[in-house]
Amino acid sequence: MKLLSRLLQQIYKFSSSSKALPLVAAIASGLYPLIHYYNSNFIMINSWYHFLFFTVMFFIVPCVIFHVLHYYLLNRITFLQTYSKYLIPVLNMCFFVFFMMVITFGLKKKILVLALSITLVITVLLLYKHIKKIIVLQYVLAFVAFIMLVPKLYLNSFQTHGWMNHTDDIEQVVFKKRPNIYFIQPDGYVNFSELKNRIYNFDNSQFEEYIDNKNFEIYDRFKSNYSSTLYSNSSIFAMKHHYYGDQTNRGSYDYRKRIVGKNDVLSVFDKNDYKTHLLLDQPYFLLNRAELAYDYCNINYNDIPHFSRGFDMGSDLNEELKILINNNKKSSNFYFLQKILPAHIVNFERKSEGVAKERLNYLEKLKEANEWLKKIINTIDSNDPNNLIIISADHGGYVGFKSMASASTKTKDEHLINSVFSSVLAIKWPDNDVPIYDDSLKTSVNLFRVVFSYLSDNDTYLQNLQDDKSYLIIEEGAPNGVYEVINEQGSVIFDPHEK
């Protein structure tokens, strides 16, 4: 509060003084862009690393440049004093626009050059006369944005993880079978059974035949429990339901940490002396730079752009996997491969091309996913024949909606709800030894509990399966909250989830 009070005093002093007060202007140029960026992307940048980097970029760099140019160059280069009235306005507006362009479009040179050129001209011709009012407005915007950010900061500081606790000793499970395990996740790949319905209406028989010839067991009508990648995977790797966290604030902000950091699935593999490998074609899981619990990851944090949205790399997982398999012949290994294919339809309606075109776009990406999966499976079989391969998606493709966001509106349409949650599951069990209890594989939250029961020859762990229900956050058409939309029997319902 003292800091805020001092800042307000400086703003008042600035607005009523004839002096330039370059530090006040420098801070103003970066304050709103920084808070706005945090408010819009908090779940991706809630790390101390990001905080330190952005503090330097948005505050320290402008302050140093403003200070040096104002106090040193103007005092030492006489002819520049003629233009002193433009210095602070130009610096403030150019830095402000630069930051806004970067957080909106990234470091795109053409956009930056155009935006800064226009800003420079307008500031010199007009805005320099009103720069103090503009700076005050920048602080007002920053204050409003900060008020909106406070609930996220509070939740991030006081979130709990009791939802991850188990009622049995699944974390102490001891494996009796020790095959290399490949968990392959094609993002948004809907279940084969769903592809045949009227919404998808796609003939995938050629790929299904390939899978069948490779001795995969196909689990029709398998579903995810949650509607998006982070929510689904955090539940998968915890082997527990989280119900999106507190339904009044859309849950936790550390789901990425629960996927790539310490979690119950990785702990089980570690205790059974497995080496763990994380292979990602995009850095989406790594954006907030959680401490990795995997022994190996193909993407280095230093290679991830600071303003990455998580989809700007595109690694070749097939060649990387081939090298890893051959370099780790003497150890038992767990590989988690994630490919952002076929993904899903667009996120927001403003970018939608309509239901029909979004369907076609998805199906084209599904064909790409099929070819990628064939390459990966062939690589595994060629280099590691006695394997356990799990192909399991994180959610469905949302075909039938105009956009993903449309799914937050209440509907009881069975095909639309299944389009959100239906996800492929195909497992190649070693020596075609399919466990008699594989009918327990109905939803993703129980996937690894069933696999660990198989590896340990201990089906008592199946006594603590989680509910095979699917949940959705609803924002329109019903009171805002979390709803159970698919029950244990696989029927579409619409019941509020009670904590």
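**View 1. Tyr398 sits in the loop between strand E6 (387–392) and helix H14 (414–421).** In this predicted model, Tyr398 has a positive phi of about 65° although it is not a glycine. Most residues other than glycine have a negative phi. Is Tyr398 buried or exposed? Tyr398 counts as buried because its relative accessibility is 2%, and the cut-off for buried is under 20%.

**View 2. Tyr243 is found in the loop between helix H9 (229–238) and helix H10 (255–260).** Here is another tyrosine to look at: phi of Tyr243 is near 55°, a positive value in a residue other than glycine. With 23% relative accessibility, Tyr243 counts as partly exposed.

**View 3. Leu341 and Pro342 are joined by a cis peptide bond.** Omega is about -5° for this bond, while most peptide bonds are trans. Follow the chain and you will find Pro342 in the loop between strand E5 (332–339) and helix H13 (355–383).

**View 4. Helix H6 (residues 131–158) bends by about 35° at Leu149.** A proline, Pro151, follows within four residues of the bend. H6 has 28 residues and reaches 40 Å from its first C-alpha to its last, close to the 40 Å expected at 1.5 Å a residue. Leu149 is one of the buried residues of H6, which also include Ile131, Gln138, Tyr139 and Leu155.

**View 5. Three strands form an open sheet in the order E8-E9-E10, with antiparallel pairing.** Strand E8 (470–474) and strand E10 (492–496) are the edge strands, each pairing on one side only. From one strand to the next, the twist averages 35°. Five bridges link E8 and strand E9 (residues 481–486) in the antiparallel sense; look for Leu472, whose bridge partner in E9 is Tyr483.

Definitions and conventions: Residues numbered from 1 in each chain as written. Predicted model: local features only at pLDDT ≥ 70, side-chain atom pairs only at ≥ 80, totals over all residues. Heavy atoms only, no water. Pairing = 2+ DSSP bridges. Helix = DSSP H or I, 4+ residues; strand = E, 2+ residues; numbered from the N terminus. Axes fitted to C-alpha atoms, helices over the stretch in contact; angles between N-to-C directions. Expected span 1.5 Å × (residues − 1). Bend = angle between axes of the 7 residues up to and from the residue. Buried < 20%, exposed > 50% of the residue type's maximum accessible area, 1.4 Å probe, protein only.
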